[in-house]
Amino acid sequence: MFRLLCLLTVLGCGCPLDSGMLFPRETSSREVKELNGLWKFRADMSPNRNQGFERAWYKARLEESGPVVDMPVPASYNDITQDSSLRDFIGWVWYEREVLVPARWVAGDGTRLVLRVGSAHYRSVVWVNGVKVTEHEGGHLPFEAEIGSVVRGDPTACRITIAVNNTLTLETLPPGMIQHMDDRTKYPEGFFVQNINFDFFNYAGLHRSVLLYTTPGAYIDDVTVVTDFLDSTGFVKYKVWVQGASTFSMKVDLVDKDGRSVATSSEQAGVLKVADVKLWWPYLMHESPGYLYSLEVGPVRLLAASEDVYTLPVGIRTVNVSSSQFLINNRPFYFHGVNKHEDYDVRGKGFDWPLVVKDFNLLKWLGANSFRTSHYPYAEEILQMCDRHGIVVIDECPGVGIKDIRSFGNASLKHHLFVMDELVRRDKNHPSVVMWSVANEPASEMPPAGLYFKTLIEHTKALDPTRPVTYVTSSNYGRDKGAPYVDVVCVNSYFSWYHDSGHLDVIGIQLNTQFDNWYSLYRKPIIQSEYGADAVAGLHSDPPMMFTEEYQKEVLRSYHSAFDQKRKQYVVGELIWNFADFMTAQGSVTRVVGNKKGVFTRQRQPKAAAFLLKERYWALANETDVRQDLSIPHDGCIILRGRSRAC
């Protein structure tokens, strides 16, 4: 019950941000209107990229101040047109959409009307009917503003204007730097480039849904749950935050998948006890993975004629880490999964349901039980899919490419801490999220990195003491200044690729040396968080040569042999780089129209390595001794002992 005692710390402290960030759901008291589709769009091509602000484009329809084009939302704008200058554009772009707001939403009965932007890269300013309503720093995470007072004066019209800037600085996440080329013998007037230290294309725009939603004037602002169990009894520690009323009555009801109430309360905070609990298990670890209860909060009667209702999916499970194991529900869990990117043809990083469903079908076909959100938070809908399917997630913030010593300064740290506040606030209730990752491959050997990551990790643990915290390193084990503070050591290495290229025989030696060195120093479980090799689909060679499908297979096979020597000791996971090929910036002679380390092509067609990985992952699932009444053959079907076979 120690974890439940820890909960008091989590639920007793105030949120460092001003409000909650509950995912917008339609209930009996709330309505949601998606604003996805075609928006008007223009890039500010002026030399200083600031003409839109100087001439106040937001004060009238965007087309009145110049030419516009159609732009789909959600989507990155980069690959939509045939204009190469827009594909590589750096600076402010402007989106506009006119919306008809239902009259009942602005009838003056106290209903709140909220505008929510799911993700905009990276700095955003939002106006409604020419009135600035909010601004936000950072991509990948949602932000919102209450706009009822702006719309109520003219309920038939709601003109939404969003300016988005993808410029990166040494203090943003991810960091970057603008370099102006002043040599007129080589470059035209005003020529500049944005330098980055991350290996994926810097897609920009409105990448996730833009929504309008309503709540009563007094409303449920946030809900936090943390779970535990003892024997067959589950515990759901919860707290509900309410805004807009000082006194109210409340009902909290925990409902199982069959619609039966299993625990109730009338308190704003408390512990719900669940008899004969059904735990949330990862995929392939139990015959019923991803079991979710529903926490129905409401009706919360706040005013004489006002009540609010919100429903939160809840998975009851625990996460713990020992010196050599990662434990889910007190049983050893071995990560056999992938790294991914939100990346696809045409739409870039734009959210797309068909692609999401396809990716989950491929993950389950592979026998993957986990992935890391490399290198930024993914859409909330993806985490909801993970919750339902039992896919375990290492949830990573956009701290990728922190290579310059100036990015370890106080201003950078302040922003990094704020981003972790936003990430934990958004994703704290997802049972699929088992660990926070605060960065990927920072220059953690630099002297400032020790204090920087100590502060960052301690802050994240204070936000959520129930999950381990890590960052992903590629530094040498003795030089890493932040590793003493992580709970799990996550290591990226590319033996026989970026060095000792073509020499497959060194992988086993170097990988075992890596593991032994890290573990001897820190005595913490280790995840091989990246490994792999580029392969151009359809390129073959025997004997294997670099960039062929055969070489990629042999690299994986050599790594797997080394993993098998250590996973019975302290290696607790292997995550292939990468699930699928993805786009990168031009400029590297090692990248031919993107990174080709995927076991699937960018169009989600398998390379030879995908079949090798599938065979391994299903074999690992069969070896796992924590599954209950479950046997899994290599063809991906499940046989329940004493029952029929299901695929």
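**Exercise 1. State what pLDDT the chain averages, and which stretches score below 50.**

Step 1. This is a predicted model, in which local features need pLDDT of at least 70 and side-chain atom pairs count only at pLDDT 80 or more, while totals for chains, interfaces and linings use all residues. Residues are numbered from 1 along each chain as its sequence is written, and side-chain values use heavy atoms, with hydrogens and water left out.

Step 2. The pLDDT, which is the predictor's confidence in each residue from 0 to 100, averages 91 over the chain, and 92% of the residues score at least 70.

Step 3. Over residues 1-15 the pLDDT is below 50, and this stretch has 26 contacts in the model beyond near neighbours in sequence, where contact means heavy atoms within 4.5 Å. Residues 625-647 also have a pLDDT below 50, with 55 contacts beyond near neighbours in sequence.

**Exercise 2. Work out the strand order of the open sheet of six strands, and identify the strands that stand at its edges.**

Step 1. Helices (H or I, at least four residues) and strands (E, at least two) are DSSP runs numbered from the N terminus, and two strands pair if DSSP finds at least two bridges between them. The order in this open sheet is β3-β2-β4-β10-β7-β8, with antiparallel pairing.

Step 2. β3 (69-73) and β8 (131-137) stand at the edges, and each has a single partner strand, so one side of each is left without a neighbour in the sheet. From one strand to the next the twist averages 30 degrees; axes are lines fitted to C-alpha atoms, for helices over the stretch in contact, and angles run from 0 to 180 degrees between N-to-C directions.

Step 3. Strand β7 (residues 123-128) pairs with β8 in the antiparallel sense over six bridges, and valine 125 has glutamate 135 in β8 as its bridge partner. β7 and β10 likewise pair in the antiparallel sense over six bridges, with isoleucine 162 in β10 as the bridge partner of valine 126.

**Exercise 3. Describe how strand β10 is enclosed and how tryptophan 92 is placed beside this strand.**

Step 1. Eight of the eight residues of β10 (residues 158-165) are buried, so this strand is largely enclosed by the rest of the structure. Cys158, Ile160, Ile162 and Val164 point one way, whereas Arg159, Thr161, Ala163 and Asn165 point the other way, and all are buried.

Step 2. Strand β4 (residues 92-99) runs antiparallel to β10, joined by eight bridges. Tryptophan 92 lies in β4, and its bridge partner in β10 is asparagine 165.

Step 3. Tryptophan 92 counts as buried at 6% relative accessibility. Leaving aside neighbours within four places in sequence, its contacts include Asp44, Phe53, Arg123, Val125 and Asn165. Phenylalanine 53 is 39 residues from tryptophan 92 in sequence, and the two are 9.6 Å apart in space, C-alpha to C-alpha.

**Exercise 4. Compare the span of helix α11 with the expected value, and find what its buried residues pack against.**

Step 1. Helix α11 (residues 608-623) has 16 residues and reaches 24 Å from its first C-alpha to its last, close to the 22 Å expected at 1.5 Å a residue; the expected span is 1.5 Å times one less than the number of residues.

Step 2. Among the buried residues of α11 are Leu612, Leu613, Arg616, Tyr617, Trp618 and Leu620. The buried residues of α11 pack against β25 (335-339), α5 (353-366), α10 (549-566) and β32 (571-576).

**Exercise 5. Identify the edges of the open sheet of three strands.**

Step 1. The order is β22-β23-β24, with antiparallel pairing. β22 (319-321) and β24 (331-332) stand at the edges, each with a single partner strand, so one side of each is left without a neighbour in the sheet.

Step 2. Strand β23 (residues 326-328) pairs with β24 over two bridges in the antiparallel sense, and isoleucine 328 stands opposite arginine 331 in β24.

Technical notes:
Buried means under 20% relative accessible area, exposed over 50%, partly exposed in between (1.4 Å probe, protein chains only).
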